Amino acid sequence: MDINTLTMDAARSLVESRRLSAVELAEAHFSEIASRDQTIGSFLALPRERALAQAERIDRLAEKGDPLPPLAGVPVAIKDVLMTRGERTTAGSRFLEKFVAPYDATAVERMEAAGAVCLGKLNCDEFAMGSSNENSAFYPVRNPRDITRVPGGSSGGSAAAVAAGFAVATLG
């Protein structure tokens, strides 16, 4: 199975059929990120504990045979302009480097309620103001197909993460 080409439906089906647990699917994506993202720069944060806790909840539902939510176990990632409770939200800016979100953005809340496993926060142009994703205060995002090119912006981290197979879907 090539996790780099999974669709949302295929990822959910793997978990529903128990051919792969949500935890295994999340860990496989974390492994891809760890091995290749230092060159691409799509992620700013990887809150593994939160992601794996959600994956474990989904796996418990699947083991009991309970109906699964529509995005059960689907590995997703969130652009760093969207609040994620208890996690750093920087909008790609050093000004917000230490800001920890007090609540989840509605979109994040709904994705997790639908069973998605949020792997982490994605790099973006500072304050989402740019078109190339070279203007993050932390580091630029590179196009995974050709690292000499940009992925576009301001959601370049989101685009690069999906193109690289680091997440099945992103909010960006």
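Rings of Phe, Tyr and Trp (its six-membered ring) count as a pair if their centres lie within 6.5 Å. In this predicted model, 1 aromatic pair is found. Its members are phenylalanine 43 and phenylalanine 166, with ring centres 6.5 Å apart and planes at 50°, so the pair is tilted. Phenylalanine 43 belongs to strand β1 (residues 43–45), while phenylalanine 166 lies in the loop between α5 (156–164) and β4 (169–171); 123 residues separate them, and the pair links distant parts of the chain. Phenylalanine 43 and phenylalanine 166 are both buried.

Helix α5 has buried residues, among them Gly156, Ser158 and Ala161. The cover over the buried residues of α5 includes α2 (22–40), β1, β2 (75–79), β3 (117–122) and β4. Glycine 165 follows α5 and has a positive phi, near 80°.

Side chains of opposite charge can pair when their charged atoms come close. The whole structure contains 10 salt bridges. The table lists some of them.

| Salt bridge | N to O distance |
|---|---|
| glutamate 32 and arginine 36 | 2.4 Å |
| aspartate 104 and arginine 50 | 2.9 Å |
| lysine 121 and aspartate 80 | 3.0 Å |

Glutamate 32 and arginine 36 both lie in helix α2; they are 4 residues apart, so about one helical turn separates them. Arginine 36 has 29% relative accessibility and therefore counts as partly exposed.

The salt bridge between aspartate 104 and arginine 50 links distant parts of the chain, 54 residues apart: aspartate 104 is in the loop between β2 and α4 (106–113), and arginine 50 is in helix α3 (residues 48–64). Buried means under 20% relative accessible area. Aspartate 104, at 11%, is therefore buried. Arginine 50 is buried too, because its relative accessible area is 16%.

Lysine 121 and aspartate 80, joined by a salt bridge, also come from distant parts of the chain, with lysine 121 in strand β3 and aspartate 80 in the loop between β2 and α4, 41 residues apart. Both lysine 121 and aspartate 80 are buried.

Key: Residues numbered from 1 in each chain as written. Predicted model: local features only at pLDDT ≥ 70, side-chain atom pairs only at ≥ 80, totals over all residues. Heavy atoms only, no water. Phe/Tyr/Trp six-rings, centres within 6.5 Å; stacked < 30°, edge-to-face > 60°. Helix = DSSP H or I, 4+ residues; strand = E, 2+ residues; numbered from the N terminus. Buried < 20%, exposed > 50% of the residue type's maximum accessible area, 1.4 Å probe, protein only. Contact = heavy atoms within 4.5 Å. Salt bridge = Lys/Arg side-chain N within 4 Å of Asp/Glu carboxyl O.
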